[in-house]
Amino acid sequence: MVQRFEGRVAVITGGSSGIGLATARRLASEGAKVVIGDISAEAGKAAADEVGGLFVQADVTDADQVEALFQTTVDTFGSVDVAFNNAGISPPEDDSILTTGIDAWEKVQKVNLTSVYLCCKAVLPHMQRQGKGSIINTASFVAVMGAATSQISYTASKGGVLAMSRELGVQFARENIRVNALCPGPVNTPLLKELFAKDPERAARRLVHVPVGRFAEPEEIAGAVAFLASDDASFITASQFLVDGGISGAYVTPL
Ligand SMILES: NC(=O)c1ccc[n+]([C@@H]2O[C@H](COP(=O)([O-])OP(=O)(O)OC[C@H]3O[C@@H](n4cnc5c(N)ncnc54)[C@H](O)[C@@H]3O)[C@@H](O)[C@H]2O)c1
């Protein structure tokens, strides 16, 4: 494996599961020191131990805990070169706008969107001081296209992540800080697998729209994050980086 992150430090929120965990493994395998920031203590510690990194328990909706996550990283390893702001939720009570209550709406906005604001706000001064950095914020393909199977607050939150990342990418471009929005298509996480195993029709309704005919594996998303985080992506900033198996480009998919 090429060592693109030798001597570099990466913070990954939501790093103890799914896309975040796959990315922790990938970045560590390319030489990064990885810091896992997650609300879940047990899984977070296990993930950090596995990749030889550091676990900092942090609720990404809490400004003080987010501050502490990045400060602890800098105090321990001397820099923060990559911030993968990835923690997010999609609870079942967030559904059609007609049935989604204000509490569900606000909870999702807080965990998915306010958290990215807090993480960027906390990490940018460190990156300004260093004169470099790469921030990757996890949005989603639903930030660029509509679904009749709505999760209204989730979609709105990811649209917010996309617009905020674009703006930050532009604002900090001349300070050698890149900010990109990662837009994954549906990923084969344990939760999704379980849901679709119980309800094959639900899976089929979605799969028909995917040109490649399957969902992504977390490792395929991690590969894209590693690219965006690395110097290979030195001219890529303020982008909506779609890793979606062709969904957003498709009208009629192959049989
Ligand atoms: N799985 C998909 O199909 C898919 C598709 C597009 C985008 N995404 C996005 O990718 C990101 C990761 O998703 P995933 O599928 O790997 O999810 P996951 O549920 O496997 O992992 C999410 C992680 O975030 C952590 N987390 C949740 N709330 C937190 C909080 N308040 N503070 C700190 N950590 C918290 C969880 O403990 C968990 O480790 C999310 O932002 C999600 O919206 C997922």
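Q: Is D81 buried or exposed?
A: In this predicted model, local features need pLDDT of at least 70, side-chain atom pairs count only at pLDDT 80 or more, and totals for chains, interfaces and linings use all residues. Residues are numbered from 1 along each chain as its sequence is written, and side-chain values use heavy atoms, with hydrogens and water left out. Buried means under 20% relative accessible area, exposed over 50%, and partly exposed in between, for a 1.4 Å probe and protein chains only. With a relative accessible area of 7%, D81 is therefore buried.

Q: Which side chain meets D81 in a salt bridge?
A: A salt bridge requires a side-chain nitrogen of Lys or Arg within 4 Å of a carboxyl oxygen of Asp or Glu. For D81 the N to O distance is 3.0 Å, and the partner is K132.

Q: How many residues apart in sequence are K132 and D81?
A: Helices (H or I, at least four residues) and strands (E, at least two) are DSSP runs, numbered from the N terminus. K132 lies in the loop between α4 (102-130) and β5 (133-138), whereas D81 lies in the loop between α3 (63-77) and β4 (82-85), so the pair ties together parts whose separation is 51 residues.

Q: What is the relative accessibility of E30?
A: The side chain of E30 forms a salt bridge with that of R4, at 2.7 Å from N to O. This pair links the segment before β1 (9-13), where R4 sits, to the loop between α1 (18-29) and β2 (33-38), which holds E30. E30 counts as buried because its relative accessibility is 0%.
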